[in-house]
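This report describes the architecture of one protein chain for a reader who is new to structural analysis. Please keep the sequence and the structure in view while reading.

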Amino acid sequence: MSKAKKRLSILLAVLTLVLSVSIVNVFAAAKGDVNGDGDVTVSDAMIVFNFISGKNTLTAEEEKKADVNSDGSINVADAMKIYNIILGKDEDEEKKEGTFRITTYGWGHDIGMSQNGANLYAKNDGADYQWILDHYYPGTTLEEKDDNAPEKVKYNGKEYSMRDYLAGVLYAEMGPSFQTEALKAQCVTIYTYGKYHNNFSKNFVANDHAMKSDVKNASKSDVIYDVVDEVMGQYLSYNGKVALAVYSATSAGTTAKCCDIWVQDLPYLTRVESKYDSTVSGYKKTVTYTEEEMKYKLENNFNVKLSSDPENWIQILSHDEAVDENIGHALTVSIDGQKTVKGARIYEVLGLRSPCYTVEYV
């Protein structure tokens, strides 16, 4: 007996068994409903089986419905698919991998000042830069003058005046289209950040990784230089020491506590409202990862061997309710029930836009 005939014989035996136990799981569908009675039943499978055996012919419409796997031919595979439908099995669904859908809120690490939030506080509420700085860095003091500021700054192998350097960074970070008071607040944070990391020593070299500069375009903007001239030398301090004045593009609606994202616990880098951020374009973004992509990233970064249940691979155990009672900066995350990690680690490992995110397996 040929292999094809043997497979047909086995299939016929299976279908006979289905009939004998009176299985009645039927589904309304176009594909598989060869006789057009509105249900997929053993009768449809028998029609396909008899067609394969050469015992009957099919109309063009019947052939279309009998070609369940849409491969252009009617064979044992189609009959088996009909059989699985009858039994309530869908091979395509069984084999189809799910997708991890991750939605982020905000853009950046979300610690300290929100640049877009500052801009909208100035635009919508008329907030001045002192208010903005006090709001995003509570407890800090705005120092009016730095007597130890150097005149020159080295950046990308070139030397600039402090004025030109600050203008270049301010242009790159915000640009002249932002509100003047937001620009002032940003300029103060730029200077404070540099002073914190380098104390602006005479040989200060700008941190190219942390701050970018566009001196060439800034030189064309009177708005930028007017701002720099007004606040240059002002910086933030906390308990007599230079503050770490970090910032990001857009918050989740409430900024993050520093120690929840990083390691340091600085009192002035805490959770504060940034009420207009959710209106900013790109505030909410959804990205997807295949099971294979997610498996690779989790296993290689967390040294685990994941189970066969992808729904259990990433579970947010706690968050800070930055958006609402259901959404916030992830604080603790379970990796397949095997490890509990800081939520920010997922943000880093997956390269997400924000440490405020939700995870859904679909």
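Two residues are in contact when heavy atoms of theirs lie within 4.5 Å. Helices (H or I, at least four residues) and strands (E, at least two) are DSSP runs, numbered from the N terminus. The model is predicted, and local features need pLDDT of at least 70, side-chain atom pairs count only at pLDDT 80 or more, and totals for chains, interfaces and linings use all residues. Residues are numbered from 1 along each chain as its sequence is written, and side-chain values use heavy atoms, with hydrogens and water left out.

**Overview**

The protein chain contains 14 helices and 13 strands. Of its 362 residues, 45% count as buried; buried means under 20% relative accessible area, exposed over 50%, and partly exposed in between (1.4 Å probe, protein chains only). Among contacts in the protein chain between residues at least 6 apart in sequence, 68% join residues at least 24 apart.

**Helices H13 and H14**

Two packed helices are described by the angle between their axes and the distance between the axes. Axes are lines fitted to C-alpha atoms, for helices over the stretch in contact, and angles run from 0 to 180 degrees between N-to-C directions. The axes of helix H13 (residues 291-302) and helix H14 (residues 343-350) come within 11 Å and cross at roughly 120 degrees. H13 and H14 are therefore oblique to each other; angles under 35 degrees count as roughly parallel, over 145 as roughly antiparallel, 65 to 115 as roughly perpendicular and the rest as oblique.

Which residues bring H13 and H14 together? From H13, Met294, Lys297, Leu298, Asn301 and Phe302 meet Arg345, Ile346, Val349 and Leu350 of H14. The residues of this contact divide into six nonpolar, one polar and two charged. In this classification, Ala, Val, Leu, Ile, Met, Phe, Trp, Tyr, Cys and Pro count as nonpolar, Asp, Glu, Lys and Arg as charged, and the others, Gly among them, as polar.

**Two open sheets**

Two strands are said to pair if DSSP finds at least two bridges between them.

Another open sheet is formed by three strands in the order E10-E11-E12, and the pairing is antiparallel. Here E10 and E12 are the edge strands, each pairing on one side only. The twist averages 30 degrees from one strand to the next. H14 packs on this sheet, touching E11 and E12, and its direction makes about 75 degrees with that of E11.

| Strand pair | Sense | Bridges |
|---|---|---|
| E1 (residues 99-105) and E9 | antiparallel | seven bridges |
| E10 and E11 | antiparallel | five bridges |
| E11 (residues 330-335) and E12 (residues 339-342) | antiparallel | four bridges |

Phenylalanine 100 stands opposite tyrosine 289 in E9, glutamine 315 opposite serine 334 in E11, and valine 333 opposite valine 341 in E12. The hairpin of E11 and E12 has three residues between the strands, and within this hairpin aspartate 336 takes a positive phi near 60 degrees.

**Helix H6**

Helix H6 (residues 115-125) is mostly covered, since eight of its 11 residues are buried. What covers the buried residues of H6 includes strand E2 (113-114), helix H7 (129-136), helix H8 (162-173), helix H9 (180-198) and strand E8 (247-248). Glycine 117 lies in H6 and, at 0% relative accessibility, counts as buried. Leaving aside its neighbours within four places in sequence, glycine 117 is in contact with Tyr136, Ser274 and Asp277. The C-alpha atoms of glycine 117 and serine 274, 157 residues apart along the chain, are separated by 5.7 Å. After H6 comes glycine 126, whose phi is positive, near 70 degrees.

**Positive phi in loops**

Asparagine 303 has a positive phi of about 55 degrees although it is not a glycine. This asparagine 303 is found in the loop between H13 and strand E10 (314-319), and it is exposed, with a relative accessible area of 68%. Glutamate 321, also not a glycine, has a positive phi of about 60 degrees. The loop between E10 and E11 holds glutamate 321, which counts as partly exposed at 48% relative accessibility.
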